[in-house]
Amino acid sequence: MCRTVLAVTAHDHVPPGPVAVLANPTAGRGRHRGLLPELLARLGRAGRPVELLRARTPQEAEAACHAAVAGGAGALVAVGGDGTVHRAMQAVAGTAVPFGPVPAGTGNDFAVETGFPADPRAAVEVIADALAAGRSRPVDLARLSGPDGVDRWYGAVLAAGFDAIVNERANRMRWPRGPRRYDLAILVELARLRPRRYRLTLDGVPQEVDAVLVAVGNAASYGGGMRICPDADPTDGLLDVVVGGRFDRRTLMRVKPRIYRGTHVTHPLVRAYRARTVELAAEGITTYADGERAVDLPVTVTAVPAALRLLR
């Protein structure tokens, strides 16, 4: 399947209105919390009022972003990791309101994959310069539709295999706290590892596969730099689908480190595909989009070109 690369052009227009800022003080285990006043001040020097959104929960954060956009915000900036970016993205996807992700979390895959510096100060400089110049650039998003009929957007990767199962296990656990909970969830799910039967339909062409790893990428990486869909390009109007087949435990643990380099796709049990629309079905799988709990399979994922405007 050939790739059609779309031209990425800058547009000298940012709507009037204040800059709404969503900040997650616990992102990155709080290591950038003290930077927020400096980041807000730099955004303010771009010549627009800056409004810090108030929210105590992820649900409140998403609602606050929607309210800000509906209330006339000229731009939305998210300071945090992929989870914060994912929540904010829901309010600006498909609109003319541009978006600036400031990477300040443990996983910053969307921001880094779309060309922003990994350092929060440097990323804010890029965003503030774009605001001052009235400049934004289009980037694709993936639109996720589940059985409930509610659409959500994601920017990086949808996990629908072993990694999603581990996330679901970790989120149900009450002990231990912190990263050790995720490590324990991996051990539990490795002991239960078995290939699942998936029905995969790519641009209307169905197939059935037995797989352990399944990911649908608008961008290349998830989980803080794991290049699960290494050839994914968020400006090509296509989704990359990577399927890891009938791995046993030993083979999976040998292949997993290769995902950071993206070389796992050369393994004989891995297949990569490219499509505009992906339908995915399997029993007992809850998907995770940009690291956030999404919907149960079955789902339909559609590449939407230029669905988001980035302040770059």
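View 1. Ala306 sits in strand E16, strands here being DSSP runs of E with at least two residues, and helices DSSP runs of H or I with at least four, both numbered from the N terminus. Ala306 isn't a glycine, yet its phi is positive, at about 55°. With 43% relative accessibility, Ala306 counts as partly exposed; buried means under 20% relative accessible area, exposed over 50%, and partly exposed in between (1.4 Å probe, protein chains only). A word on the model itself: it is predicted, so local features need pLDDT of at least 70 and side-chain atom pairs count only at pLDDT 80 or more, while totals for chains, interfaces and linings use all residues. Residues are numbered from 1 along each chain as its sequence is written, and side-chain values use heavy atoms, with hydrogens and water left out.

**View 2. Asp290, in the loop between strands E14 and E15.** Here we look at the loop between E14 (286-289) and E15, where Asp290 is placed. Asp290 is not a glycine either, and its phi is positive, near 55°. Is Asp290 buried or exposed? At 8% relative accessibility, Asp290 counts as buried.

View 3. Pro176 belongs to the loop between H6 and H7. Another cis peptide bond joins Leu297 and Pro298, and its omega is about 10°. Pro298 lies in the loop between strand E15 (292-296) and strand E16 (299-310).

**View 4. Helices H6 and H7, packed against each other.** How do H6 (residues 162-172) and H7 (residues 179-191) pack? They meet at an angle of about 120°, and their axes are 8 Å apart. For these values, axes are lines fitted to C-alpha atoms, for helices over the stretch in contact, and angles run from 0 to 180 degrees between N-to-C directions. H6 and H7 are therefore oblique to each other: angles under 35 degrees count as roughly parallel, over 145 as roughly antiparallel, 65 to 115 as roughly perpendicular and the rest as oblique. On the H6 side, Phe162, Asp163, Ile165, Val166, Asn167, Arg169 and Ala170 meet Arg181, Tyr182, Ala185, Ile186, Val188, Glu189 and Leu190 of H7, where contact means heavy atoms within 4.5 Å. Sorted by class, the contact of H6 with H7 has nine nonpolar, one polar and four charged residues. In this sorting, Ala, Val, Leu, Ile, Met, Phe, Trp, Tyr, Cys and Pro count as nonpolar, Asp, Glu, Lys and Arg as charged, and the others, Gly among them, as polar.

**View 5. Helix H3 and its neighbour H2.** Helix H3 (residues 82-92) is largely enclosed by the rest of the structure, because 10 of its 11 residues are buried. Among them are Asp82, Thr84, His86 and Met89. Helix H2 (residues 58-70) packs with H3 at an angle of about 30°, with the axes 8 Å apart, so H2 and H3 are roughly parallel to each other. In H2, Pro58, Gln59, Glu62, Cys65, His66 and Val69 meet Arg87, Ala88, Gln90, Ala91 and Val92 in H3. This contact of H2 with H3 has six nonpolar, three polar and two charged residues. Just after H3 comes Gly94, with a positive phi of about 75°.

View 6. Val77 is part of strand E3 (residues 75-80), and at 0% relative accessibility it counts as buried. Which residues does Val77 touch, not counting those up to four places away in sequence? They are Val19, Ala20, Val21, Leu22, Leu43, Gly100, Val102 and Ile127. Val77 and Val21 are 56 residues apart in sequence, but their C-alpha atoms are 4.7 Å apart in space.

**View 7. Leu35, in the loop between E1 and H1.** You'll find Leu35 in the loop between strand E1 (19-23) and helix H1 (36-44). Leu35 is buried, with a relative accessible area of 10%. Setting aside neighbours within four places in sequence, Leu35 is in contact with Pro120 and Arg121.

**View 8. Arg274 and its polar contact with Asp240.** Arg274 has its place in strand E12 (residues 270-275). At 15% relative accessibility, Arg274 counts as buried. Its side chain makes a polar contact with the side chain of Asp240, at 3.0 Å. A polar contact is a pair of N or O atoms within 3.5 Å; within protein, one must be able to donate a hydrogen and the other to accept it, and residues adjacent in sequence count only if both atoms are side-chain atoms.
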